[in-house]
Amino acid sequence: MIYFLAAIAAIAGFLFGYDEGIIAVARPLLDKDFPMDPLVGGFMTAAVPLGALVAASIAGRITDRFGRRRALMAAAALFTVGSLMAAGITAVWMLIVARLILGLAIGLAAVTAPLYISESAPLRIRGALVSTYQLAITVGILASYLTGLAIDSDADIPWNDDGMWRLMFALGALPGVLFFAGLVFLPESPRWLILKGFAAEARTSLQRLRGAASPVEGEFDEMVSTARAEVGKKSGYKALLEPKIRPAVIVGAGLFFLQQLSGINAVIYYAPEIFNHAGFDSTSTQILATVGIGTVNLLTTILAMYLIDKIGRRPLLILGFVGTSATMLTIALAVINPTLVPSWVIIVALMLYIASFAISIGPLPHVLMSEIFPLRARGPGMSMASISNWGFNFVVVFTFPLMLAGPGLAFTFTLFSVICLGGIIFTLTRVPETTGHSLEAIEDHLNSGKPFASLRREVPAE
Ligand code: BGC
């Protein structure tokens, strides 16, 4: 049951990746029917991150009030409506509204899906299961890149003229419906049920998740006693201001700041342009290399899922920051000295950059944000982390073209490299090792007032 739950919740990740990437490949076709000036076009593209930012800021309240499952159902409905609306537009303003709706769905789901998985997963494989969400994002991105490849490979194919973009948008409704249908069969998060005082329902839900034959007493008792200890304490957004909870807020928001400022979406959104800057001027080479990036991103995320619960969060984060910092610097140096460094070095470095990201800085902020907040502040805490994710995503995507035109690629990538170096220090001084600890044990450590980063690994009993 838990695998089914993770797979269904991860559909939200697929839609996140698909809706992020699809606009890049649909845009040239769309422009034939609805020409847009740069400002309108930019706003239309940015409508998704904007909607996501708005939804992420209220998602914590929504999931705490109505439950994880119902919040995801609302997101699934929004995904379906937004996709169909985008497919059927007769004016540009309608597309902007449709993309705002899609953004709202993404923002709500981006907080709720990892939370729902984390609260329902058994400790031993929690990291791997939450990472399926990130895996699904990478599948969505690759799916949208592949659509681009299918269209570019033969400019004469008939669908290029026939409003093919409508079908591309409409396809997003399918996973939306599947997502909704799957949720109907899933139980609510046991921890949320306990939070709301439905202990009997929580026990039934936990038993369904673990299977009828598995003993759940120990796990259930731990959940209940932690929830009891929290009674009477502040909850919701107010709780985030407490000095004891602040370290978790810093880790959640800080990791997403670092994830975005590592430059990932400069690469994901602008890969063809980066290859162009690096001297690869054939469009097919650029798109092929872009598909290569999407593939490396996906495959390495699978490896990360295997490693996260084995070698732990902190070592993987450090590995990721070292790798991204070194590769960004290599690309910057190669761009500065084109005569000394052959241009294939840039492609290899970019692939290694993506691999370093995907093994670590991609999945881990999602995993950690679902683990570090105490139950009473988990929804709002994850909202804060997601605001950081979408806010800095928007900043990087919006400023990257300006940075390219101004200080240039080498300067920008050096800046990303320095920020990744900062990520190493941040990990060492701020990030706790949550591997092997139950969510309740992490909460106890936070409450103890000891430095958050002093939590060390515990190997769970098999
Ligand atoms: C990030 C996205 C990014 C994606 C790339 C996610 O973890 O939040 O902004 O596009 O990884 O795989």
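Analyst: Helix α12, residues 264-277, spans only 17 Å between its end C-alpha atoms, whereas a straight helix of 14 residues would span 20 Å at 1.5 Å a residue. The expected span is 1.5 Å times one less than the number of residues, and helices are DSSP runs (H or I, at least four residues; strands are E, at least two) numbered from the N terminus. This is a predicted model, in which local features need pLDDT of at least 70 and side-chain atom pairs pLDDT 80 or more, while totals for chains, interfaces and linings use all residues. Residues are numbered from 1 along each chain as its sequence is written, and side-chain values use heavy atoms, with hydrogens and water left out.

Within α12, a kink of about 90 degrees lies at Y270, shortly before the proline P272; the bend is the angle between axes fitted to the seven residues ending at a position and the seven starting there. Y270 is also buried, as are I264, N265, A266, V267, I268, A271, I274 and F275 of this helix. Buried means under 20% relative accessible area, exposed over 50%, and partly exposed in between (1.4 Å probe, protein chains only). After α12 comes G279, with a positive phi near 100 degrees.

The protein chain as a whole has 19 helices and 0 strands. Its radius of gyration, 22 Å, is close to the 23 Å that the globule rule gives for 462 residues, so the chain is as compact as a globular protein of that length. That radius is taken over C-alpha atoms, and the rule is 2.2 Å times the number of residues to the power 0.38. The C-alpha trace spans about 65 × 50 × 40 Å along its principal axes, and 60% of the 462 residues are buried.

The chain also has 10 salt bridges, each a side-chain nitrogen of Lys or Arg within 4 Å of a carboxyl oxygen of Asp or Glu. One of them joins E119 and R68 at 2.9 Å, N to O. E119 lies in helix α4 (residues 92-120) and R68 in helix α3 (residues 68-87), so this pair ties together parts 51 residues apart in sequence. E119 and R68 are both buried.

E371 pairs with R126, their closest N and O atoms being 3.0 Å apart. Because E371 sits in the loop between α16 (363-369) and α17 (378-405) and R126 in helix α5 (residues 126-152), the pair ties together parts 245 residues apart in sequence. R313 also forms a salt bridge with E371, at 2.5 Å between the closest N and O atoms. R313 belongs to helix α14 (residues 313-336), 58 residues from E371. R313 and E371 are buried.
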